[in-house]
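Colleague: I have this model open and would like to learn how to read it. Could you take me through a few features?

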Amino acid sequence: MNFNFLCKEPAPPNGRSVGIVGAGPSGLAAAGYLSCLGYQVTVYDKLPKPGGLMRFGIPGHRIPKDRLEQGIRRMERQFGVIFQSHTKICCSAPLFEEEGDHFCREVLGLGEIVKRHDASIICTGAWKSRKLGIPGEDLPGVYSGLEFLFPIRAAHYCVPGAQPADVTGKVVAVIGAGHSAVDVAHSALRLGAATVHHLYRRTAKEAPCGSYEIERLKALGVIWHERVTPVRILGDTQVTGVELVDAKTQESITVPADLVITAIGEIATPPFARELGIENVRKGEVRWLHMTDIENVFVAGDALTGPSKIGKAVYSGLKAARSLANWLDLKAQNRLDAYPYDDLVANDEGRRRS
Amino acid sequence: MSRKVLYVDYSKCIGCETCEYVCKFVYDVPRIQMTRTIDGVMVPIYCHHCEEPKCMRACKRGAIVRDQDGAVIHQYLLCRGCETRNCIIACPYGAMLETDKGVMITKCDLCAPRRQIGLPPACAEMCPCGAIQYVDEEELAALKTEGAELAEARILKHIRNPQGS
């Protein structure tokens with residue numbers, strides 16, 4: 001991935017520095033854009049290596065590591081981007097509650113970042129796993145999609161605490177039918193699970209991952225159950241199974257399982273959501289595109305829109321970076337007043353009114 | 001002269017939409033666009049810059065021509081969005097795109113303004129999976145692996161009109 005795809009070589013340094021929080025697709029795209037323009041870019045990330053979920057979530061056979069690494073190396077060596085890994089940016093009290101938190105060695109306050117750079121972009125993504133909200137969800141042996149997938153990749157970076165769940169010879173039940181659920185089922189099989197049950201509340205035709213992927217899983221030996229709603233996770237001290245209700249007949253079914261993995265999506269976790277007024281940015285009630293309540297702090301990617309796809313995150317990162325550069329340019333010339341909010345919105349392709 | 005083409009290996013594509021969104025960022029209206037097949041596979045539809053382009057033959061205004069790198073380009077000054085939409089109907093890959101802006105037709109030109117300054121197409125640069133390749137025509141055969149061909153056949157079955165009755 002050439003994050004510097006917009007230019008051949010960096011412009012001469014323009015003397016401005018930008019901090020980017022999060023080295024996933026949106027953060028890296030923003031870093032690529034700004035480093036082309038001659039900005040001194042620093043990218044902070046809690047994980048040991050840049051790439052975000054492209055490196056640590058999506059299995060390696062889907063996104064080759066080398067391509068990602070090439071792009072990062074280019075930014076680092078040729079464009080002078082500084083990658084500060086193992087660093088989490090927090091509000092006043094650290095919130096250690098997401099996957100991948102055990103990696104960070106340094107916790108910086110957002111205030112520090114804001115002071116250190118001319119402007120910053122928050123690209124922290126969506127890391128908090130959605131919960132089913134049914135009894136038994138806290139039993140040992142229940143994992144979220146990310147909790148399960150993350151350590152599989154992370155273990156390659158020799159980090160204590162990142163231990164993939166042991167599925168060898170066990171019965172695994174996967175709940176959900178998005179792309180991460182498919183990845184979970186795949187990985188469970190690859191890691192030697194004896195049986196994989198795939199549970200979905202609707203039919204294969206309605207599955208977000210598509211029926212083609214499900215047929216492929218079935219061919220690999222995954223047992224597909226559709227139109228079943230999980231109502232309880234069974235077990236006293238350890239998971240023993242899942243109780244389901246058949247949506248058609250309303251009959252109760254029990255699927256035995258040693259591990260239950262709920263791949264039902266994530267929730268955006270921007271740090272300082274209230275202080276930054278992220279909700280207003282989502283609605284478009286801003287002074288400047290992608291700008292938060294703190295005037296030199298911008299926000300982009302899944303942190304802003306909620307979980308989506310790499311493409312959308314890249315686009316959002318690029319747009320935030322362009323907006324940031326425009327803002328800094330006009331501010332330096334004292335011309336910000338000449339561009340009222342309505343013009344900005346009208347000029348923004350993504351929101352163009354017909 | 002060696003002809004440059006774009007090739008998408010659908011067996012490597014994960015449907016992440018990066019190509020479409022990068023194209024959208026560069027050109028406002030994306031010239032490579034995602035489609036979802038009936039069995040739920042997300043893939044980009046793109047111009048193959050064919051050896052004998054059907055769009056070129058269908059266009060009676062000569063608005064579709066080949067440029068110095070062999071890219072099939074659309075000259076919007078000659079096109080002006082004619083009502084026949086013959087080029088759209090003619091393309092077997094669904095790569096002639098109707099828009100709601102300007103001359104209302106757009107297509108991939110292998111990033112003509114970027115090529116002029118020595119940069120390759122943006123989508124190929126940013127594809128996370130290395131599924132999009134910008135290559136010489138001669139290199140195509142090597143890229144068309146069995147898996148890639150099978151995946152492409154599945155997609156083409158979806159985008160093409162059924163043949164015969």
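Colleague: How many bridges pair strand β13 of chain A with β14(A), and in which sense?

Modeller: A quick rule: two strands pair if DSSP finds at least two bridges between them. Here β13 (residues 241–246) of chain A pairs with β14(A) over five bridges, in the antiparallel sense. L244(A) stands opposite I253(A) in β14(A). Strands are DSSP runs of E with at least two residues, helices are runs of H or I with at least four, and numbering starts at the N terminus. Keep in mind that this is a predicted model, where local features need pLDDT of at least 70 and side-chain atom pairs count only at pLDDT 80 or more, while totals for chains, interfaces and linings use all residues. Residues are numbered from 1 along each chain as its sequence is written, and chains are lettered from A and ligands numbered from 1 in the order in which they are written.

Colleague: What is the strand order in the sheet?

Modeller: The order is β12-β13-β14 in chain A, an open sheet of three strands with antiparallel pairing. β12 (228–234) and β14 (252–256) of chain A have a single partner strand each, so they are the edges, with one side left without a neighbour in the sheet.

Colleague: Where do the domains of chain A run?

Modeller: Such bounds come from an automatic or database domain assignment. For chain A, domain 1 covers 17–127 + 267–351 and domain 2 covers 133–264. Their C-alpha centres lie 32 Å apart.

Colleague: And chain B: how many helices and strands are there?

Modeller: Chain B has eight helices and eight strands. Its radius of gyration, taken over C-alpha atoms, is 15 Å, close to the 15 Å from the globule rule (2.2 Å times the number of residues to the power 0.38) for 165 residues, so chain B is as compact as a globular protein of that length. The C-alpha trace spans about 45 × 40 × 30 Å along its principal axes.

Colleague: Which element of chain B gives the most to the side that touches chain A?

Modeller: Contact means C-beta atoms, placed from the backbone, within 7 Å. Chain B brings 21 residues and chain A 24. On the chain B side, α1 (18–27) and α6 (122–126) give two or more residues, and α1(B) gives the most, with six.

Methods
Contact = placed C-beta atoms within 7 Å.
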